[in-house]
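Please read the following report alongside the sequence and the 3D structure, which are shown here.

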Amino acid sequence: MKVYTLYVPGKTYIHKMNPLTKLLYLAVAIAIPFIAPDPAITMACFLIGIFILGWAKVLHRVIYLLAMSILFISTIFIIQGLYYPGNTTPYLILGKLTFYKEGLIHAMVISFRLVNIMISASVLVLTTRPSDLISSAVRRGISPRLGYVMSSVLQIIPQMATTADTIMDAQKSRGLETEGNLKTRLKAYIPLLGPLVLGSLVSAQERAMALEVRAFNATGKRTFLQNEEDYTVSKAINAIIILALILTIIWRIYS
Amino acid sequence: MKIKVDNLGFRYTGGKERALEGITFTVNQGEFIGIMGKNKSGKSTLASALVGLIPHFFKGAMRGNVYIDGLDTQETPIAELCQKVGIVFQNPFNQISGAKLTVYEEVSFGLENIGLPRNQMIERIEEVLELFGIAHLKDRNPFSLSGGQMQRLALACIMALRPEIVVLDEPTSQLDPLGVEEVYKSIAKLKEKGLTVLLIEHKTEYLAEYSDKILLLENGKLKNYDTPERIFGTNPGIQAPVYTQVCQALNKPKENGLYPVTLKDTIPLLKG
């Protein structure tokens, strides 16, 4: 069954950590390289991220993600290398195209930040079940309705995709042409929309009823099946992360 | 008296005719009531009214009253009613919340909403998973289950809220024969536990076997409310269980002059 989540199950400390701590880490690890645009600091954030991912035993999954982003990163190098406003020193000449040193260095800084964002986001995404992140957020006061919407979307959209495939197969078996040139393929989507949209509306109503009779609209205080991990360690980690952010800001102001 | 329905009428907003009109009946603690009727006769509307989805979820004009264990459904929110009366719908798939990744957690959905302490939650979840024979599936994703398993999960989710009344709205109409068997084994457990059950079903053999009484609806009105034998004996328009049909054809009534509705009652008659 298709599930749109990149979560890799595991039992390391990183997996057990409070999801909100990881969210805080993500925000700070992205913010620091922007606050302090020193390549060494970006590098430090990057290495910390790699270390955490190694600890959580999910580094191999990140390499796959990074490989997928190579195309995007190479466009940064091409565009910046050719057109960066500060370009003065030619570095590489390929036929009529001249790549400049300044642009390539700038591209490197941007790419590093980008990779850093991906690494930091991976710490959260690869080691946290989406439902845990959402339930932690609901515990901290986010509306349970909003929490439900966020967590159900991850599961219900793949279900809709499966339904769409079924409808498509049914229509193919009755002679609908779904393969061929772009026009034929686009046309094939039109008869898919009616049953899919109407079907989804009916399902949505039925599901709303089923949620309703399971006290979805209860107004009292909710409880949670999953116990939250030990607060004290999480609090200490949160404090370290915030301290790192404050130190970066101070460093930026005085340098 | 567990359920009291008093002159219940309902018209959906935009509907031309009343979906229900002048329905009055009572159900006692522990009774198993079958609900029958053609399509559009108001069966599902009645089910919605029994659990409070009418008037709280569906908009329309409601007349009369429904009392569940003494609570007026018009004045009691569904979140409170659901701990008195549960409902399982036709489509197993649409009853999965989608917010939980495992069968075990799926059962917790309603319990978290009512704010049950965690230790009681675990106790109840394990109990219902065991009761409906799905404990071995507890770590699976709910969407990966078969129809019959999903429907038993839906039943488990409802039963975890510990209602004393369960409404089953055609729980097996979208299942394969194996799934139907599985779900009926679970329904038998509800009956064993002494719950008050209202079952909407087209499969008359099952209705006849389980029901103490059958409520027959026609065009939104209550046509008949009686024992299965009398219902199937006096309403020629409805499809009787195959056992009844055979005994009618062979002219083999029981001692009380009525034709049998279950296999158990049919065998001695046909043995002679």
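## Helices 4 and 6 of chain B

The crossing of helix 4 of chain B and helix 6 of chain B is right-handed, a crossing being left-handed if the near helix is turned anticlockwise from the far one by less than a right angle, and right-handed if clockwise. The contact, meaning heavy atoms within 4.5 Å, is made by B:Val103, B:Glu106 and B:Val107 of helix 4 of chain B together with B:Leu153, B:Ala156 and B:Cys157 of helix 6 of chain B. By class, this contact of helix 4 with helix 6 of chain B has five nonpolar, no polar and one charged residues, where Ala, Val, Leu, Ile, Met, Phe, Trp, Tyr, Cys and Pro count as nonpolar, Asp, Glu, Lys and Arg as charged, and the others, Gly among them, as polar.

This is a predicted model, in which local features need pLDDT of at least 70 and side-chain atom pairs count only at pLDDT 80 or more, while totals for chains, interfaces and linings use all residues. Residues are numbered from 1 along each chain as its sequence is written, chains are lettered from A and ligands numbered from 1 in the order in which they are written, and side-chain values use heavy atoms, with hydrogens and water left out.

## Other helix pairs

The axes of helix 6 (residues 147-159) of chain B and helix 7 (residues 177-192) of chain B come within 8 Å and cross at roughly 20°; axes are lines fitted to C-alpha atoms, for helices over the stretch in contact, and angles run from 0 to 180 degrees between N-to-C directions. Helix 6 of chain B is therefore roughly parallel to helix 7 of chain B (angles under 35 degrees count as roughly parallel, over 145 as roughly antiparallel, 65 to 115 as roughly perpendicular and the rest as oblique). Helices (H or I, at least four residues) and strands (E, at least two) are DSSP runs, numbered from the N terminus.

In chain A, the axes of helix 3 (residues 39-55) and helix 5 (residues 101-127) come within 9 Å and cross at roughly 30°, which means that helix 3 of chain A is roughly parallel to helix 5 of chain A. Helix 3 of chain A passes helix 5 of chain A in a left-handed crossing, and the contact between these two helices has 11 nonpolar, four polar and one charged residues.

## Chain B against chain A

In the contact between the chains, 43 residues of chain B touch 32 residues of chain A. The area buried between chain B and chain A is about 3200 Å², of which carbon and sulfur atoms give 60%; buried area is the accessible area (1.4 Å probe) that two parts lose on being put together, summed over both.

## Salt bridges

A search of the whole structure finds 17 salt bridges over all chains, each being a side-chain nitrogen of Lys or Arg within 4 Å of a carboxyl oxygen of Asp or Glu. Across the interface of chain B and chain A there are two salt bridges. The side chains of A:Arg214 and B:Glu106 meet in a salt bridge at 3.0 Å, N to O.

## Backbone geometry

Most residues other than glycine have a negative phi, and most peptide bonds are trans. A cis peptide bond joins B:Ile54 and B:Pro55, with omega about 10°, and B:Pro55 lies in helix 2 (residues 53-56) of chain B. Phi of A:Ala215 is near 65°, a positive value in a residue other than glycine, and A:Ala215 is in the loop between helix 8 (182-212) and helix 9 (231-254) of chain A.
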